[in-house]
Amino acid sequence: MSAEGYRTLADQLRGWPDARLSRLLTARPDLATPAPHDSGQLASRAATRSSLLRALDQLTRLELCVLDALVVAGQTTRDELVSIVHAEPAATSAALEHLTDLALVWESPTGPRVLSGVAEGLAGGPGAGVSGLRSRSPEPVPPEAVAKRLAELSAPARTLLEHVLDHGGEATTGTSRHTVTTDEAATPAEELLARRLLVPRGGGSVVLPGEVGLVLRGGRTTTDRVDDLPRLPTVERSAAMVDKVAAGAAFEAVRRVELLLDHWGTQPPTALRSGGLGVRDLRAASVLLHVDEPTTALLVETASAAGLLATGHTPDGEAAWLPTDELDRWSTRSPAERWWVLARAWWDSPRLPGLVGTRDPAGKTWNALAPELAGVHQVETRHLALRELGALPPGEVLASGTGLPALAARVAWLRPRRPRTRADQVAWAISEAEALGVAGLGGLASYARGLVGGRDDTAAGVAALDGLMPPPVDHVLLQADLTAVAPGPLESTLAKRLQLLADVESRGGATVYRFTASSVRRALDTGWSAVEVHDFISSVSRTPVPQPLTYLVDDTARTFGSIRVGHAEAFLRADDETALSEVLHHPKASSLGLRRIAPTVLVSATPLDVLLPRLRELGAAPVVEGPDGTVRVARPDQLRARTPRDRRPEGLRAARGTATASAVVTAVRAGDRAASNRPAGAGQALSPSGSLAALREAVETGASVLIGYVDNHGTRSERVVDPRSVEGGTLTAHDHRADDLRSFAVHRITSVAPVTG
Amino acid sequence: MTDGPLIVQSDKTLLLEIDHERAQDCRKAIAPFAELERSPEHIHTYRLTPLGLWNARAAGHDAEQVVDTLLEYSRYAVPHSLLVDVAETMARYGRLRLEKHPTHGLTLATTDRPVLEEVLRAKKVKGMIGERIDDDTVVVHASERGNLKQALLKIGWPAEDYAGYVDGEAHPIELDESDWTLRDYQRDAAESFWHGGSGVVVLPCGAGKTLVGASAMAHAKATTLILVTNTVSARQWKDELVRRTSLTEDEIGEYSGAVKEVRPVTIATYQVLTMKRKGVYPHLELLDARDWGLIVYDEVHLLPAPIFRMTADLQARRRIGLTATLVREDGREGDVFSLIGPKRYDAPWKDIESQGWIAPADCVEVRVTLPDGERLAYATSEPEERYRIASCTHRKVDVVRELVERHAHQPTLVIGQYLEQLDELAAALDAPVIKGETSVKERQRLFDAFRSGEERLLVVSKVANFSIDLPDAEVAIQVSGSFGSRQEEAQRLGRLLRPGHDGKVARFYTVVSRDTVDAEFAQNRQRFLAEQGYAYRIVDAEDIADLPT
């Protein structure tokens, strides 16, 4: 940095080395798109309001306060600045340096200067992370003089002054006189005005100048220190323990997402018209998953963020939430990889599942997966909160109870310009992280550090998690009560096959399956044979297959398919088997779709009314059998159509005809008049004021005028009208052609001419 | 990850892999708070229920112990929500206490005011509560002590009962340990009951529950009413008490269908108490016949439902329940908990192990196919007729004959429900039949002959099956039956069949008609027996020859 400073920010940017400039562009990426032409343009872009606010949002409380102090102090030196910020001088200097890097502050020959526009951006009180002091007067009263004047104040005046200081440094004076001397001052307000501790600013309001505020706060912009980052209370907990708990949650989360999506693949929940998931469906899912509704909402949202769940249509054409084809790819991966996909999606998701079930300001309940259920700040808050967890010393985790509020306070210090709901957002971030297994017991899981740290080491994280997850098992234990217990997560393909063959009775770390006649039949339905079932069962079982299970499979297979069902349009039966064979094998019968299902019965795919004449053509003499088995004889039906009938009464029809005719006549007459009045030299275009004047005149005189009018579709027409009123840019007039009152937009009227004759 | 034997499921079941080396330790550790639900050959299933957790609380275990146990033995991470739930459930017990107030009598007091507020607003509790004494205490109508406890349990805030008991009419009772000594666990059980006031002692069959009862009586030294399941067991109690205590035969009365004696120690059957005549229970007054100081409930898991209503009024008297299991077929475990008391003692598992876990019998289900004619008759019959038609098929006769021939030298019982079927079987097998109408004398003669080996085959009806002096058999063949309580079925089965002296496994055949309701019933029984660890097999009637003998 040049010792004597720069003339402008652009100057300073020009003087910066490339590295520093590129640092600025990295920190404020919006400045780089589109690429500015020169430093001048860069500097002016840096001062635009939107870019400034974006940069301010990224500042910590300390940095904001340093910036604020600069605004309050106005023209100042680096040393003076350090003295009025309530913080360690080194911290203040470092913050100033960072602000300079961000091009929010630049070095003028007289000292650091804030970029124009920053002062407006910093408006607001302590709630926005700043001091709430006004800028100093152009020629500030020296602190000693201020202190002296303060000492002279009466107690009520002092209280009033402090009240104004704490409430934005601005007040209205009411009836107080603005120009009084100290002796004339009658009220506390006048006392302050007389001593110039409050300065009138016009419009009846007074402000408290920055230098007074500084003295009142003991020479600093704030009374409390701004560089003490809230500390996080911690307790000791071994990293291994944290990992174990988190990995357990991670495993459960993956398992539950898979279970839910598998379930929804066959029984999808309806997608609400607003795009969300119905309350009832969420509740059903939470029962299915054995977790509470907030966790269910989180899992659903995470699955959707990971692209595993989306809206689609059921075969009936109803909108529904369906698993995506991505699910099939996802399911084939190892549990750790699957978790990684979910965790990554969650990490960068702006969604707010924590709101599900609560009501929005309009009193409407938030639904999971509703499109509006997202917050712009959620991602940043989540990242900050979890990075803070990650920064805890090894072997320590956030204390339960006091930890969370402290974390919220710390995040608030890091980014003070954030909405009020932050405490909620921090709490959500942590509880979601624990539910998904990113964190556990208030500590960050070791395998998630890559994710949280922003490093792209998926492989390492997955490998670390793999070691913590229950290893997949490839066998089950079969028991005589017809259950099979998989003492751990089954390999995916194995689980799918077993699920077909047996019903799941209990889930968790292990899975309990129960074989029933109907579950075995289900497998047979999908094409398994009894032998295949036996082979599969004995291959996955580590224990001998119990005899009752073997028996169950055989017994189910025995009755399976003993009754066959099919579709036929008609049947043919005859005691004479030869007659049926004759029909069946007739060369012309192939199109009838005949099939023999018993010696004396044929079925046909052809409907009866077609079949009957065709059979007669083939030389057979069939009779039709009724549902009760009796023979039906019938002569051909005689066809009749319905007599057309007109339901409208005669009178109404006549009236309508007359009305139509008269309307046509009116229109024709009006058109005639328009034609006869058309001026020789086409319609003269009038200026808007001219046409208004002409119309008003017509209203006054009650005369008919010919107007040129362009309608909504851009079609020009000319009408003869009797103007009634002109108001609000609209002409109301009696239209001769429509024979009715009509409104015309004045700006669409192109010409106005008096009707002659 | 630890390599524990236990897997905690998210539906609150615990799976215990019994072949695991730490399975025994784990079983001991979880027994106090988890109920054993199924015990087939490889994996036993336990369940965490609020009642089980409250029982554990009453027995002095706290949530931390439970959580630690789960964490210690669990193979995988335990779902966090489950641990939270355990802690919350256990914390609910004891927030409310029934106490005796010096001036107001029975009161309900709380340590947690919002809980009391919640409870007082509950509809179920309304009529049982009197005026409010102060913020934390409210008067309870003395007659509602039992009902209130029941109601509080139902709304999830079980109350601890500190209201004390009446002493009852004193009566000297001492254990007479001249030729025997009380086992340690029996003494512990009686003492934990005595200190707890009222409650249930869980001991496996054969562990000497009667002695625990006697010991409890010796503690109470007061007149005692003992409620037992049937007359046999009433006699057994009487013999045992005379032999083991200072009580003489004259001091002990039997109150059953046959005899109605009320003495300082009275043994009554559930049946006589629940007998209803013209809408009233004529023998209910027995409960007030004396100023009882102690009431003993034998086999609590079989306690008939009407008894609960009666015992609701007996809350001021000490109650001890004796049972082998807390699981009830009718799901009224909650009533046992609130009306008799929480579990006060659970037998150490070691003692149960010494009983052995052998399956007492080999169960074989033989399936016969109905002939076509009967199949049609079955298909078109009324629903209430179906079971009879299915179970009385003539095909069963041939099968039974074949089975009887296979076990020609073993004492065999053929058990059935329908008399015509029994008569037909008796004729076909040339064996005597015992039915309800058979005289006691004849019945006795046949039983004696069976015991002595003179008669090796008996056909008996269900009535005879209930009979107290039914002899043991090595082979039982059931051709039809109304399978009521599965628990009862298993007990009867255990009582009926003893392994042969030469180590031969006893056999229990059930002949069932395939594809009918008969087979459906059999499926339930199969599941239950398999869950209890019995070996179970199904064969077709044609394949009997392949069975091992």
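Biologist: In β18(A), which residue is the bridge partner of R573(A)?
Modeller: Keep in mind that this is a predicted model. The strand β16(A) covers residues 570-573, and β16(A) pairs with β18(A), residues 601-604, in the antiparallel sense over 4 bridges. In β18(A), R573(A) has as its bridge partner V601(A).

Biologist: And what is the strand order of the open sheet in chain A?
Modeller: There are 3 strands here, and the pairing is antiparallel. From one strand to the next, the twist averages 30°. Reading across chain A, the order is β16-β18-β17.

Biologist: Let's go over to chain B. How many residues of helix α6 are buried?
Modeller: Helix α6 of chain B spans residues 145-154. The buried ones run through R145(B), G146(B), N147(B), L148(B), K149(B), Q150(B), A151(B), L152(B) and L153(B). After α6(B) comes G156(B), with a positive phi near 90°. So the helix is mostly covered, because a residue counts as buried with 20 or more other C-beta atoms within 10 Å of its own, and the count for α6(B) is 9 of its 10 residues.

Biologist: What share of chain B as a whole is buried?
Modeller: Chain B has 22 helices and 23 strands. Among its contacts between residues at least 6 apart in sequence, 71% join residues at least 24 apart. Of the 549 residues in chain B, the buried share is 43%.

Biologist: Which element gives the largest share of the side of chain A that touches chain B?
Modeller: In this model, 26 residues of chain A are in contact with 27 residues of chain B. On the chain A side, α13 (239-266) and α26 (547-559) each supply at least two residues. By class, that side has 14 nonpolar, 8 polar and 4 charged residues. The largest share, 6 residues, comes from α13(A).

Biologist: Where in chain B is the pLDDT below 50?
Modeller: For the complex, the predictor gives an ipTM of 0.79 and a pTM of 0.69. Chain B averages a pLDDT of 82, and 90% of the residues score at least 70. Where pLDDT is low, the predicted coordinates should not be read in detail. In chain B, the pLDDT is below 50 over residues 349-359.

Key
Residues are numbered from 1 along each chain as its sequence is written. Chains are lettered from A and ligands numbered from 1 in the order in which they are written. This is a predicted model: local features need pLDDT of at least 70, side-chain atom pairs count only at pLDDT 80 or more; totals for chains, interfaces and linings use all residues. pLDDT is the predictor's confidence in each residue, from 0 to 100. Two residues are in contact if their C-beta atoms, placed from the backbone, lie within 7 Å. Ala, Val, Leu, Ile, Met, Phe, Trp, Tyr, Cys and Pro count as nonpolar, Asp, Glu, Lys and Arg as charged, and the others, Gly among them, as polar. Two strands pair if DSSP finds at least two bridges between them. Axes are lines fitted to C-alpha atoms, for helices over the stretch in contact, and angles run from 0 to 180 degrees between N-to-C directions. A residue is buried if 20 or more other C-beta atoms lie within 10 Å of its own, exposed if 12 or fewer, and partly exposed in between; C-beta atoms are placed from the backbone.
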